[in-house]
Amino acid sequence: MLPQVNKILYCTDLSKNASYAFQYAVYLARQTGADIHILKVVEQLSGDEKLTLQSYILNQSSREEFLHQRLNHARAQLQERQDYFWEHIAPEEKALRTKIVGCEVVEGYPEQTILKRARELECDLIIMGAHEKGWLHTLLGSVAKNVLRESRIPTLIVPRPAKSKS
């Protein structure tokens with residue numbers, strides 16, 4: 001017998017397809033009664049990026065403010081997307097918003113952070129959207145592909161929706 005889905009970790013990069021993937025998270029929460037934890041990982045700056053930041057912003061407090069603003073911007077975008085989603089959902093579905101028990105924005109390396117949070121929260125399912133970044137990205141791999149490969153719990157990668165023919 002398959003394990004029950006009680007906790008879903010929905011991971012977002014704030015793209016359009018991530019919003020589409022969120023529909024799946026809400027649908028599965030409705031079907032299973034699971035709670036949803038939302039996670040947005042702001043990619044940690046590389047050593048070169050930090051060196052560039054130090055070179056151009058000499059004041060330590062200004063650098064810290066810049067880094068703090070990156071997280072605040074992601075939080076604001078995530079809140080805006082959530083508000084938009086819940087404003088445009090069918091009225092009878094709005095009660096599902098109570099299934100969201102956590103919403104966090106953290107800085108880190110996406111694959112590692114997603115897998116770590118899934119373990120810490122004892123999630124039963126990870127849901128995230130897929131997206132295309134071109135041939136170079138295929139050679140380097142993707143966050144979704146790496147999470148799928150390393151995850152020890154079921155992981156749903158939601159493909160981009162087909163473009164509607166008008």
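**A chat about the model**

Tutor: Start with His-37, which is buried, because its relative accessible area is 13% (buried means under 20%, exposed over 50%, partly exposed in between, with a 1.4 Å probe and protein chains only). This is a predicted model, where local features need pLDDT of at least 70, side-chain atom pairs count only at pLDDT 80 or more, and totals for chains, interfaces and linings use all residues. Residues are numbered from 1 along each chain as its sequence is written, and side-chain values use heavy atoms, leaving out hydrogens and water.

Student: Where is the place of His-37?
Tutor: His-37 sits in strand E2, residues 35-43. Strands (E, at least two residues) and helices (H or I, at least four) are DSSP runs, numbered from the N terminus.

Student: And what does His-37 touch?
Tutor: Leaving aside residues up to four places away in sequence, His-37 touches Lys-7, Ile-8, Leu-9, Tyr-10, Val-101, Gly-102, Leu-121 and Cys-123. Contact means heavy atoms within 4.5 Å.

Student: New topic. Is Arg-160 buried, partly exposed or exposed?
Tutor: Partly exposed, because its relative accessibility is 44%. Arg-160 is in the segment after strand E5 (155-158).

Student: How many residues apart in sequence are Arg-160 and Lys-16?
Tutor: They are 144 residues apart. In space, Arg-160 and Lys-16 are 8.6 Å apart, C-alpha to C-alpha.
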